Amino acid sequence: MNYFQATLRKKLSKDFDIQNIAKLASINLSEDEQKELDNDLSIILEHVKALSDLKLDTEQKEIFIHPLEKELELQEDKLVESLTHEEALSNAPESKDGKFVVPPSME
Amino acid sequence: MSLQPTIGIETHIELNTNTKMFCRCGVVDTEDPNISLCPTCLGLPGALPVPNKKAIESITLLALSTGCEITRKGMFHRKNYFYPDLPKNYQISQFDLPVGLNGELEIVIEETTDNIQIERVHMEEDTGKSTHSGSGRIESATSTALDFNRSGVPLVEIVTKPVITSSKQAVAYIEELRQLAIDLNISEGRLEKGNLRFDANISVAPEGSSELGTKVEIKNMNSLRSLERAIDYEIERQTKAVEDGVEIIQETRHWDENKELTSTMRSKEGSADYRYFSDPDLPNMYLSEDFINQVKSSMPQLPKKQREELVDTGLTLKQANILSKSDVWIKSLYFKVHKQTKDSEASFNWITGELQGQMRKSSIEKLPEWFSYEYLSEIIELIKNSKISFTSAKVILSELLNTDTTPNEVAEQKNLFQENDTDKISEMIVQILEENQDVVDRIKTGEDKLVGFLVGQVMKQSNGSVNPGMAKELLLKKIKD
Amino acid sequence: MDITNLPIRKLNTLFSKKELKPSELYSQIFDNAANSEASLHAHLTLFEDENIKKAKESDLRFDSGTSESLLDGIPIAIKDNINIKGYKTTCSSKMLSNYTSPYDATVIKKLNERQTLFTGKTNLDEFAMGSSTENSAFGLTRNPWDTDFVPGGSSGGSAASVGARSSVAALGSDTGGSIRQPASFCGLVGFKPTYGTVSRYGLIAFASSLDQIGPITKTVDDSRIIFSAISGDDPRDATSIVNNQLDIPSDKTAKIGVIKELMGDGISDEARNEVNKVTEILKSSGYEVKEISIPIIELAISIYYLIAPAECSANLARFDGVRYGLRVDGKTSYEMMENTRAEGFGKEVKRRILLGTYALSAGYYDEYYGKALQARKEMIEGFIKAFNEVDYLISPTTPTQAFKAGEKTSNPLEMYMSDLCTIPANLAGLPAISIPTGVTSDNLPLGVQVMSRALSDDSLLNFSEIIEKEVQFNQQPKGWM
Ligand SMILES: [Mg+2]
Ligand SMILES: [Zn+2]
């Protein structure tokens, strides 16, 4: 078992925990929303379960990111000018002294 | 019960590419915020990443030079977590298929070497920078300001296996890695600029135990000194906890530079779940044999090999290590001077000691144009042949750094050539002995060491032009007669 | 003759012969929009004032005979998830209701180079997630054939705009059928090109490995013209590919397959009848038609509803209130982000983000996302096998005709089922087209879908043109011109 698998196999909890998922997705759900989404997701997950039972002969095959199996091309390390400082900040909800400003984010 | 610490280190090295990892914005070193941005590194909707070839060459070079297996069929993953300075709220990184796996790096402590096992070397992108206003803890903070110039700068992450056993080893490892990055010319390697940043995972377990203790991650160590102190502190804290029967919890702790202690960091989420998955914007990355060979052919001499060559000139491992971690011009100066003088000890001492010392003192960054390495060889030869004293040699060197002249010219002008004429020295000695009769008496009763004082007097009287060895010999002869 | 009914090549001829001015066409198009917009709500923004000036420039080029582009002066509507510099790009989301793009998508750049005129930005299901354009934060769009019915989605605004002749053609994006399904519901041609042939740079991503921009047009030839204008390798999109077309016969030497799995349960009689009608015509023209089975297609929706939400959960993470878009305050950055995302996203978007987050989370990856990737691979191989036997695959585009607004909003799964026939082409990256072939007893249009090998887009268009000619579908919605 490699590094990747080891991390993935470390199962948290088998239960579907809408609160934890919402936290991971950074969405503050109301209680009503939680109930509704919990129900919706259960229905959808029940449907996609069909996949878990699927026996595939591709288990050992290399997975490609690109459906046409294109290989990644690398780009030369050459500068291209892009956004001006003003453009970069043009949509900022709040900014000061050329920086974006947000509520405190210290850990 | 004796407890043994185990340490693993994760290091991020900022590459010295012209442009960022996934866009062609410049990597800039400026205080002007948000001036090197495009839709990609600002995470604007619809923008896409395209990787930097130079960065992939650099990481491949690093992986090859640490003896890693190169992952020929690799890919990029998304590491998902929400943080305001991470524009996409995921970092493009590598997961199960990093560029390099299972390498090692030789480190030197005093006169011995050790191999630090490297688990992985992977490519990723940097975040923006946050500045917190208000003071101290989050309760009193008022806001956070964000500059995204650094967002998307290429980072190479090197993770060691948990094989480090002391803060000394940890420091030696970072020093070695830094030098490697500099020699490979893939990073500026400047710690104070954050070109190299490191976190340590530390645990303690009973000696001989096959299982590791609970690991604690230490962050915010900004210098080698804080790395050393933080590790020592944490080992002591954990050792005490185990001895007191207090449970060590798996957590991330913050090194406080001022208080010199580690403390629990506020955790934003219960447990980190980064939901790694392959980045659908970046197809599989295949490193061809041609590519790897081409990178190999550009590999310079590695620090380990340099050290071997230096030891072959007669230096100790410790000396060789110091030189291998010095600037390129110092290394080459050493080889040139050594080639002429065949004296490794003197060459090493004069270059790493006196020359660098004087330059530092006088804030000279570069050797002046007129300064030839042959001057150092000449100085060493002059001393060896007793033509000048060590003290005079220092004076000469200082002059050479400031004036376009030669060692012989300076010695001539300042009258620094040593008096080697026995008669003239004897004459001087008689006078000194008369003036210091009390000292002479004490030497006669066995306080031989005091002869040094008398030699000093002779040197002073002669403005250092007397050969001190001869002076001592003659003094003793006269006193004992 | 209503000029807004004419295909692009014919309009270009009229312009060239100076029998019609682009500005005249433009104002006629805007009259149509003025007539229909209140009932249909196809557009979120109309660009009349800005573009009348550009139309006049087109007039001058045709006057002086210097026009070089088939698309010069042709008014095209753009789905509002494609960035046009200086204009709002909202994705029909509250999240981006105030967002103005500082850059052009690559497709916009290409169309600008060809002097295309943009009529406005069209409505869509929020972030292209939906099949009815009911999930728009700015109100639903209605079907120009009958306003009780949905136009399909997510490119419903684009389809309604072309359907009502408020634009000559439109760009949409297709992740699981979002071009083809609304084209079918609105009696139009909808073409999803081979994955990678059209740059995604500047298209606000829903699911990166599935998204593809394509045209919604009145004729196959119009789709061909737009496809050739917007396709091509883009250095800003690492997934884009050189448009090297395979040449596949479209004459009667071509072999046709009917996908067995898309003709059974869940497919309405009317949809099945359209396919049978077309295959009968093809047979009578001498084509060989046979049934082809690709069993894994039955799992298409399951695969899709793991892969697309997983990718979207990360793609939509960047909408956090930090750098642009909506911000809802909070005491800390984390609270601000959570509040912003709670308020900024609609229900369907949240549903998919959460589904994807779950599918990727520790412990579930293997079971869900990992499995879906493998099943996707199996599907790609299934198609390769099928294309060893036949050149084109035919199926219904949609299981049913357009449904009524509100009919499927309560059960998400039922809505998802309407993408059954279109999803496989996205999963396999294949070119696929919906061609209008008939009207149902409710007087609503229906189309059939044709798919072919990757990078055989041109051949697919040629073959589709043969079907188009044979079927002679020439009905259109009434009352808007
Ligand atoms: Mg990292
Ligand atoms: Zn950039």
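**Labels and their cut-offs**

A: Let's begin with chain A and chain C, which bury about 5,900 Å² between them, with carbon and sulfur atoms giving 62% of it. Buried area here is the accessible area (1.4 Å probe) that two parts lose on being put together, summed over both. Leu51(A), Pro67(A) and Asn91(A) supply 11% of the area that chain A buries against chain C, more than any other three residues. Keep in mind that this is a predicted model, where local features need pLDDT of at least 70, side-chain atom pairs count only at pLDDT 80 or more, and totals for chains, interfaces and linings use all residues. Residues are numbered from 1 along each chain as its sequence is written, chains are lettered from A and ligands numbered from 1 in the order in which they are written, and side-chain values use heavy atoms, leaving out hydrogens and water.

Q: What makes residues of chain A and chain C count as in contact, and how many are there?
A: Contact means heavy atoms within 4.5 Å. By that rule, 65 residues of chain A are in contact with 74 residues of chain C.

Q: Why is the meeting of Glu94(A) and Arg327(C) called a salt bridge?
A: The term needs a side-chain nitrogen of Lys or Arg within 4 Å of a carboxyl oxygen of Asp or Glu. Between chain A and chain C the count is seven salt bridges.

Q: Which element gives the most to the side of chain A that touches chain C?
A: That's H3(A), with ten residues.

Q: What about chain C and chain B: how many salt bridges are counted there?
A: The count is one salt bridge. Arg200(C) and Asp281(B) bring their side chains together in a salt bridge at 3.0 Å, N to O. This interface has 41 residues of chain C in contact with 33 residues of chain B, and the area buried is about 2,900 Å², of which carbon and sulfur atoms give 63%. Arg318(C), Arg323(C) and Tyr334(C) supply 22% of the area that chain C buries against chain B, more than any other three residues.

Q: How do you know which atoms are the protein donors of the zinc ion (ligand 2)?
A: Donors are N, O and S atoms within 2.8 Å of the metal (3.2 Å for Na, K and Ca). The SG atoms of Cys23(B), Cys25(B), Cys38(B) and Cys41(B) lie 2.3 to 2.4 Å from the zinc ion, so they qualify.

Q: Why is the site of the zinc ion (ligand 2) called tetrahedral?
A: Four donors count as tetrahedral if all angles lie between 85 and 135 degrees. Here the angles among the four donor atoms are 98 to 116°, so the label holds. In sequence, the donor residues are spaced C-x1-C-x12-C-x2-C.

Q: Is Cys25(B) buried or exposed, and what about Cys38(B)?
A: Buried means under 20% relative accessible area, exposed over 50%, partly exposed in between (1.4 Å probe, protein chains only). Cys25(B) has 2%, so it is buried. Cys38(B) has 7%, so this residue is buried too.

Q: Why is helix H7 of chain C described as largely enclosed by the rest of the structure?
A: Helices (H or I, at least four residues) are DSSP runs, numbered from the N terminus. In H7, residues 220-230, ten of the eleven residues are buried, so the helix is largely enclosed. Among the buried ones are Val220(C), Phe227(C) and Ile230(C).

Definitions and conventions. Four donors count as tetrahedral if all angles lie between 85 and 135 degrees; four count as square planar and six as octahedral if opposite donors are over 155 degrees apart and all others between 65 and 115; anything else is irregular. Helices (H or I, at least four residues) and strands (E, at least two) are DSSP runs, numbered from the N terminus.
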